[in-house]
Amino acid sequence: MSEEKIIDGKIISAQIKEEIKKEVINLKNKRNITPGLAFILVGENPASVTYVKSKGKACEELGFYSVTNALPESTSESEVLELISGYNEDKSIHGILVQLPVPGHINEEKIIESINYKKDVDGFHPQNIGRLIIGSKCFIPCTPLGVVEMIKRSGIETKGKNVVVIGRSNIVGKPVANLFIQKSLNSTVTVCNSFTKDIKEHTLKADILIAAIGKPHFVTSDMIKKDTVIIDVGINRIPDASKKSGSRLVGDVDYDGCIGKCSKITPVPGGVGLMTIAMLMKNTLDSAAGKIYG
Ligand SMILES: NC(=O)c1ccc[n+]([C@@H]2O[C@H](COP(=O)([O-])OP(=O)(O)OC[C@H]3O[C@@H](n4cnc5c(N)ncnc54)[C@H](OP(=O)(O)O)[C@@H]3O)[C@@H](O)[C@H]2O)c1
């Protein structure tokens, strides 16, 4: 019963990866193009190191060419800009990904804006964000795109539905809210932030609730109405003495408390996180095939 409620990121992302694999073979055979992705990682933030490794592994698995630049924390901003400038010109590279956050001495905005927006497969460049808002073709940030893909592939209706997003970050909350107001999805969207008064008043109206807060178990069952669809973007590490590592990952939603009341829910881990990597691969493939900017 509760299994039917799970929107399984493992299954959906595996389907998408299979589709990508086939398209990569086609692209190689018909046009002699291999999708190429360049990673730039500055410093040794453990989460960032893990993310870049997983993305590199996905490249291998799907037949992409990839190159990883793991640079020391002391790398200067101008060195990173120079590297990006080289990849902007490199014809074998169709996507450039600078793993965020970058160390404090590097200006994140400057780095994002230095990437050729036609290779900005993370979808963070102002050109892509601007196009997303006006509904033009662009690279859409991977996590929000993954959320929409999960909703679509699970057959969930969005037209006329109340979508409530908790969180307004540039990488999740803002882009995901903007996707749901587009004519392709036709939802009515409310976006909450840490200054929102009586958040429950909003969340109780949600047909679809998207939590992107970064606070473990923030959304509890009293905050949702019956049959809400819950998309939990949060990835939080909490202490757990029963685990060998002493900790485990949980979302922003009290999964056990909400599963009985909601109609569908994404687990953490095994939900949105897996979609993010799949959508990064899709964006890079689309870049290589010239599907976004020709
Ligand atoms: N699944 C994935 O692939 C993926 C990808 C990216 C991020 N994540 C995870 O998603 C979560 C959010 O990431 P993020 O980068 O968007 O985080 P972020 O930049 O820290 O943004 C968090 C947002 O939550 C809001 N917020 C915090 N406390 C709140 C409260 N009490 N009530 C209402 N809103 C509140 C903040 O509001 P203010 O703006 O007012 O501060 C902010 O807009 C994290 O757990 C992160 O690890 C997962």
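**A strand pair, a helix pair and a ligand shell**

Hi everyone, let's start with Ile230, which stands opposite Ile265 in S10. Strands here are DSSP runs of E with at least two residues, helices are runs of H or I with at least four, and both are numbered from the N terminus.

A quick note: this is a predicted model, where local features need pLDDT of at least 70, side-chain atom pairs count only at pLDDT 80 or more, and totals for chains, interfaces and linings use all residues. Residues are numbered from 1 along each chain as its sequence is written.

Now, which strands make up the open sheet? The order is S5-S4-S6-S7-S10, with parallel pairing; strands pair if DSSP finds at least two bridges between them. S5 (188-192) and S10 (264-265) are at the edges with a single partner strand each, so one side of each has no neighbour in the sheet.

On to the helices. The axes of H2 (residues 46-62) and H10 come within 10 Å and cross at roughly 55 degrees. Axes are lines fitted to C-alpha atoms over the stretch in contact, with angles from 0 to 180 degrees between N-to-C directions.

Finally, the ligand. Among the 25 residues around it, Gly167, Ser169, Ser194, Gly214 and Thr276 come nearest; "around" means a C-beta atom, placed from the backbone, within 6 Å. Helix H10 (residues 272-288) gives the largest share of that shell, three residues.
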